[in-house]
Amino acid sequence: MTPPIPLAAVVLAGGASRRMGRDKATLVHHGTTLVERTVNTVAARCSPVFVIAAPGQSLPALSAEILRDEVRGVGPLLATGRGLRAAADAGRELAFVCAVDMPFLTSDVIDILAGPAARLPGVDVVLPWDGREQYLAGIYRTALADRVADLTAAGERSMKALITRVDVQQIVLPEQRALTNVNTPADLECAGQQMP
């Protein structure tokens, strides 16, 4: 049996959560917070795990290293760069980057993406595509930290600014419940009804 491809994980937990109306990371979904659920899921496959949190954001105790954004509300690109830099410093070439608001995320999805990321050394990012654009559930080369730093220094804030400037491979999948995120109270209620 082939050993799993070494991956770090970067969990983006410090978003503004404007549409939800409150911090998504600490929302309780079926007895646990979204950040705990996400960290536990990625930790089953990835090590080390970095959680990127907003300044002053209150989080439960986690089996992950918590890194703080220096500024609140500047978008996911800066936080992604911070996580990729930490993963590179930890000796990882690849990191699974995800948003905190995916209550059905599984390590199976991570493995589906990890194989192509390892086999395609010229590809910078491997993303799933199930009919939806998914920038925050993919495998990123940690060497992209410098590219992200250049983009954010130039005023860029969105993940699309990075994705359109690097080599990306999309893996076409049937629609994945694991890639469903919750942005509004209605999304969260619907997700609760979908749980087995």
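Guide: Thr-152 sits in helix H4, residues 145–153. Helices here are DSSP runs of H or I with at least four residues, strands are E runs of at least two, and both are numbered from the N terminus. The model is predicted, so local features need pLDDT of at least 70 and side-chain atom pairs pLDDT 80 or more, while totals for chains, interfaces and linings use all residues. Residues count from 1 along each chain as its sequence is written, and side-chain values use heavy atoms, without hydrogens or water.

Visitor: Why does Thr-152 count as buried?

Guide: Its relative accessibility is 13%. Buried means under 20% relative accessible area, exposed over 50%, partly exposed in between (1.4 Å probe, protein chains only). Therefore Thr-152 counts as buried.

Visitor: Which residues is Thr-152 in contact with, leaving aside neighbours within four places in sequence?

Guide: With that exclusion, they are Leu-77, Leu-78 and Arg-157. Contact means heavy atoms within 4.5 Å.

Visitor: How do you know that the span of H3 is close to the expected one?

Guide: H3 covers residues 107–119 and has 13 residues. The expected span is 1.5 Å times one less than the number of residues.

Visitor: What covers the buried residues of H3?

Guide: The cover includes helix H1 (34–43) and strands E6 (94–99), E7 (125–129), E8 (137–141) and E9 (168–172). Among the buried residues are Val-109, Ile-110 and Leu-113.

Visitor: What makes E5 and E9 edge strands?

Guide: The open sheet has 7 strands, in the order E5-E4-E1-E6-E8-E7-E9, with mixed pairing. E5 (65–68) and E9 each pair on one side only. Pairing takes at least two DSSP bridges between two strands. E6 and E8 are joined by 5, in the antiparallel sense. Leu-94, for instance, has Arg-141 in E8 as its bridge partner.

Visitor: What makes a nonpolar core, and how many residues has the largest?

Guide: A nonpolar core is a set of buried Ala, Val, Leu, Ile, Met, Phe, Trp, Tyr and Cys residues, joined through side-chain atoms within 4.5 Å. The largest has 33 residues. Val-35, Val-42, Val-51, Phe-96 and Ile-139 have the most contacts inside it. E1, H1, E4, E6, H3 and E8 each give two or more residues to this core. H3 gives the most, with 5 residues. Apart from this core lies another, of 24 residues, including Leu-77 and Val-148.
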